[in-house]
Amino acid sequence: MQLLNQLKLWQKLALLVAAMAVPTALLGVFYLSAANGEVAQARYELAGAGYAHQVGAMLAEVANHRSLLFAVLTGDTSRRDQLVSSEGAIDKAIAAIDAGDSATAQRLGVAGQWQVIKSAWQQLQSDESKLSADDAVSRHDALIAAIVKLGNLVVARSALNVDPSPQTAALIQIATRDVPGALIASGNVQWYATRASIKGYLGGDDQMALHLYHDEVAGDFAAAARDLNGAPEAARAQIGPALQAAQGAFDSSYGIIESRIINAQKMTITTAELFADSRAISSSLQHLSDLGYSRMDAAVRQRLAQVTTWRNLTA
């Protein structure tokens with residue numbers, strides 16, 4: 001107090017201004033830090049979304065390859081050309097991931113997991129002619145589980161699962177949870193149906209599996225529809241028809257499985273008929289996934305542009 005009394009008026013005013021400036025400066029620092037954090041998160045999400053999208057494309061083809069190889073190993077040589085085509089598609093998906101931003105995998109801490117998956121696929125491809133049908137399915141199941149785990153890690157570590165926008169979060173759920181779930185479960189339906197067709201009869205365990213995986217697909221479609229209700233109107237208009245088409249393709253296929261496998265007195269369905277339906281389902285689901293990622297990417301990029309502009313204007 002004595003010190004203040006000794007100060008001149010202008011010195012007291014200068015001290016007061018300085019004292020008031022400190023909180024303002026601190027607030028500015030905190031704001032800039034928060035703004036930089038938002039920009040960094042949006043960029044991280046974009047990188048993670050691109051990587052997860054490519055991993056999802058590989059997942060779809062590996063599920064298809066499982067049924068094709070099972071058919072070939074159990075004597076259906078007519079599927080050989082389709083098997084070769086499927087392997088080409090998987091190799092192409094792997095090349096696309098390898099050609100992408102390797103720094104993203106390093107940043108997300110998934111480079112090691114990706115190398116394990118790639119090696120497992122190459123080993124499976126090398127061994128396939130020597131495998132029993134059941135061993136081939138087991139190897140595929142392990143590979144599918146590893147791909148799903150990788151996708152989940154990418155989503156979590158890129159902060160896609162904590163997006164601050166409820167509408168963008170809805171699109172992320174569709175692309176990263178609902179559609180992959182439907183893809184895996186519908187692939188399992190097709191595989192059990194293929195196995196029954198090749199054996200010529202439907203065992204009790206296989207019938208139960210068909211019902212269970214059907215219910216999983218139905219649940220994933222229902223979840224996608226709920227999530228879509230929370231998405232932006234423009235996204236709903238674009239994704240809604242694709243969701244209905246994918247659900248319609250699965251329902252049509254399962255109707256054939258019910259009538260010609262589950263409830264049939266005599267099984268006459270061919271693997272060619274089943275694979276035609278399988279490709280229609282996986283194609284419609286992949287289209288749905290592409291739309292989900294596209295709309296999600298656009299929403300995150302818009303937020304990135306907004307927060308970057310606002311940060312630059314106020315910094």
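Lys130 is exposed, at 64% relative accessibility. Its salt-bridge partner is Asp127, at 3.7 Å from N to O. Asp127, in contrast, is buried at 14%. These values come from a predicted model.

**Salt bridges**

The whole structure holds 13 salt bridges.

| Pair | N to O distance |
|---|---|
| Asp98 and Lys118 | 2.9 Å |
| Lys130 and Asp127 | 3.7 Å |
| Glu273 and Arg260 | 2.8 Å |

Asp98 and Lys118 form a salt bridge. This pair ties helix α3 to helix α5 (residues 111-127) across 20 residues of chain. Asp98 is partly exposed, with a relative accessible area of 36%. Lys118 is buried at 15%, because the cut-off for buried is under 20%.

Glu273 and Arg260 also meet in a salt bridge. Glu273 sits in helix α10 and Arg260 in helix α9 (residues 233-262), 13 residues apart. Both ends are partly exposed: Glu273 at 32%, Arg260 at 26%. Elsewhere, shared partners join Glu45, Asp163 and Arg303 into one network.

**A buried glutamate**

Glu87 lies in helix α3 (residues 80-99). Its relative accessible area is 10%, so Glu87 counts as buried. Beyond its sequence neighbours within four places, Glu87 contacts His65, Trp121, Gln125 and Glu128.

**The cavity**

There is one cavity of 30 Å³ or more. Helices α2 (9-73), α7 (166-199) and α10 (271-314) each give at least two lining residues. Among the lining residues are Asn64, Gln190 and Ile281. The lining counts seven polar, five nonpolar and no charged residues.

How values were computed
Residues numbered from 1 in each chain as written. Predicted model: local features only at pLDDT ≥ 70, side-chain atom pairs only at ≥ 80, totals over all residues. Heavy atoms only, no water. 1 Å grid on protein atoms, 1.4 Å probe; cavity = no way out; pocket = protein on both sides within 12 Å on 5 of 7 lines; lining within 4 Å. Points joined across faces, edges and corners; volume = space filled by probe spheres on them. Helix = DSSP H or I, 4+ residues; strand = E, 2+ residues; numbered from the N terminus. Nonpolar A, V, L, I, M, F, W, Y, C, P; charged D, E, K, R; others polar. Buried < 20%, exposed > 50% of the residue type's maximum accessible area, 1.4 Å probe, protein only. Contact = heavy atoms within 4.5 Å. Salt bridge = Lys/Arg side-chain N within 4 Å of Asp/Glu carboxyl O.
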